[in-house]
Each structure stands twice: as C-alpha cells, then as structure tokens.
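Let's take a friendly walk through this model together. Please have the sequence and the 3D view open as you read.

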Amino acid sequence: MKLKLIAVGTKMPDWVTKGFTEYQRRFPRDLPLELVEIPAGKRGKNADIDRILDKEGEAMLAAAKGCHIVTLDIPGKPWDTPTLAKQLTRWQLDGRDVAILIGGPEGLAPACKEAAEQSWSLSNLTLPHPLVRVVMAESLYRAWSINNNHPYHRE
C-alpha cells in the first residue's frame, strides 16, 4: 500500500520541503509516502474560482484514481492520534493505495468531496496549506509508529 498526499500548490518554501521530506524518508518501504503536487490555477481579481476549483479537482481525482480517497476538510471528522493509527490499519487491510486530498486557497472542488470515502478535519482552524503537508507527514508517521511499536511515539 502507498500513501499519497495530493496537494494543490507547487514551489513550497524550503522549510516545508525539508519538514515533509524529513518524515517522508522515515516511512518503511512497504508503506511509502508520496507527494503529488497539483499546480494551482491562476487566481486574480476577476478569476473564475469555480472553474479553477473544478480544474484542480479533475487533476486531483486523476492522481487518486483507484485509491481510497480521504479529503482534508473542516467539516470532516476530527481524528486524534490513536484513531488515525486505527484508520491506518484499516487502510492497510483494505489493500488499496490511499489518497489524501489537500485543496488550495478556496478548499476542495465539489467533485473531490463527492468522490471521498472519508473526510478528515485536522482542526477547526483554517491552517496554511503548506503547513498541512508537514503536519500530515508527521501525523501519519506517528500513526505508523504506534502500530509498529516504534519508539518514536511515547504516550
């Protein structure tokens, strides 16, 4: 099984790339974490946001084809770390790759929300999308460490 983090946006600040890569490299070979970046549509004063969202959504869903789709969205269910560890086990038993979708500045396209099998809320706060990549990588690694009795996670 592969974990795919599919996120709108490219050209992240160096600290984001370093933070994400630090956790990405810790994953075992049988559970790789892959980042798929979707270019953000050009936003301007008169931009057609609905059209931009739809185009971003099409690209995200194409990258997630055949995967168990999880959206990151404020209305989603909040999961604490033990719950995420249980989710990770369920995903692994399912056998499909898992695609976690992170939208752009306006969130996710309606088509992404409709295609999702699960919706997860990291927080009631609106978090900066680059920061979410690092938080996601660390949270998933921590869940893996719990499931595998790795010393990274200590309660």
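Which element gives the most to the lining of the largest pocket? Strand β3 does, with three residues. Before going further, please note that this is a predicted model, in which local features need pLDDT of at least 70, side-chain atom pairs count only at pLDDT 80 or more, and totals for chains, interfaces and linings use all residues. Residues are numbered from 1 along each chain as its sequence is written, and side-chain values use heavy atoms, with hydrogens and water left out.

## The largest pocket

The largest pocket holds about 290 Å³ of space. Its lining counts 19 residues, and the closest to the pocket centre are Leu72, Asp73, Ile74, Leu127 and His129. Two or more lining residues come from each of β3 (68–78), β5 (118–121) and α5 (129–147). Sorted by class, the lining has ten nonpolar, seven polar and two charged residues.

A pocket is an open set of points on a 1 Å grid over the protein atoms alone, where a 1.4 Å probe fits and protein lies on both sides within 12 Å along at least five of seven lines; lining residues have an atom within 4 Å of a point. The volume is the space filled by probe spheres set on the points, which are joined across faces, edges and corners. For the classes, Ala, Val, Leu, Ile, Met, Phe, Trp, Tyr, Cys and Pro count as nonpolar, Asp, Glu, Lys and Arg as charged, and the others, Gly among them, as polar. Helices (H or I, at least four residues) and strands (E, at least two) are DSSP runs, numbered from the N terminus.

## Salt bridges

Side chains of opposite charge can pair when their charged atoms come close. How many salt bridges does a search of the whole structure find? It finds eleven, where a salt bridge is a side-chain nitrogen of Lys or Arg within 4 Å of a carboxyl oxygen of Asp or Glu. Three of them are set out here.

| Salt bridge | N to O distance |
|---|---|
| Arg43 and Glu106 | 2.6 Å |
| Lys113 and Asp73 | 3.4 Å |
| Glu117 and Arg96 | 2.9 Å |

Arg43 and Glu106 meet in a salt bridge that links distant parts of the chain, with Arg43 in the loop between β2 (33–38) and α2 (49–63) and Glu106 in the loop between β4 (98–102) and α4 (110–115), 63 residues apart. Arg43 is partly exposed at 26% relative accessible area, and Glu106 is partly exposed at 37%. In these terms, buried means under 20% relative accessible area, exposed over 50%, and partly exposed in between (1.4 Å probe, protein chains only).

Lys113 and Asp73 form a salt bridge, and this pair also links distant parts of the chain: Lys113 sits in helix α4 and Asp73 in strand β3, 40 residues apart.

Glu117 lies in the loop between α4 and β5 and Arg96 in the loop between α3 (81–94) and β4, so the pair ties together parts that are 21 residues apart in sequence. Glu117 is partly exposed at 43%, as is Arg96 at 30%. Elsewhere, salt bridges that share partners join Glu22, Arg25 and Arg26 into one network.

## Surface patch and backbone

Trp15, Leu122, Leu131 and Val135 make a nonpolar surface patch of about 320 Å². Patches are made of residues with over 30% relative accessible area and no salt bridge; like charges are joined within 9 Å and nonpolar side chains (Val, Leu, Ile, Met, Phe, Trp, Tyr) within 5 Å. Accessible areas come from the Shrake-Rupley method with a 1.4 Å probe, and for residues only the protein chains shown count as cover. Trp15 lies in helix α1 (residues 14–24) and is partly exposed, at 49%.

Lys11, in the loop between β1 (3–8) and α1, has a positive phi near 55° without being a glycine. Lys11 is exposed, at 80%. Asn149, in the segment after α5, is not a glycine either, yet its phi is positive at about 50°. Asn149 is exposed, at 72%.

## Two buried leucines

Leu108 lies in the loop between β4 and α4 and is buried at 5%. Leu108 and Asp54 are 54 residues apart in sequence and 8.7 Å apart in space, C-alpha to C-alpha. Leu31, in the loop between α1 and β2, is buried at 0%.
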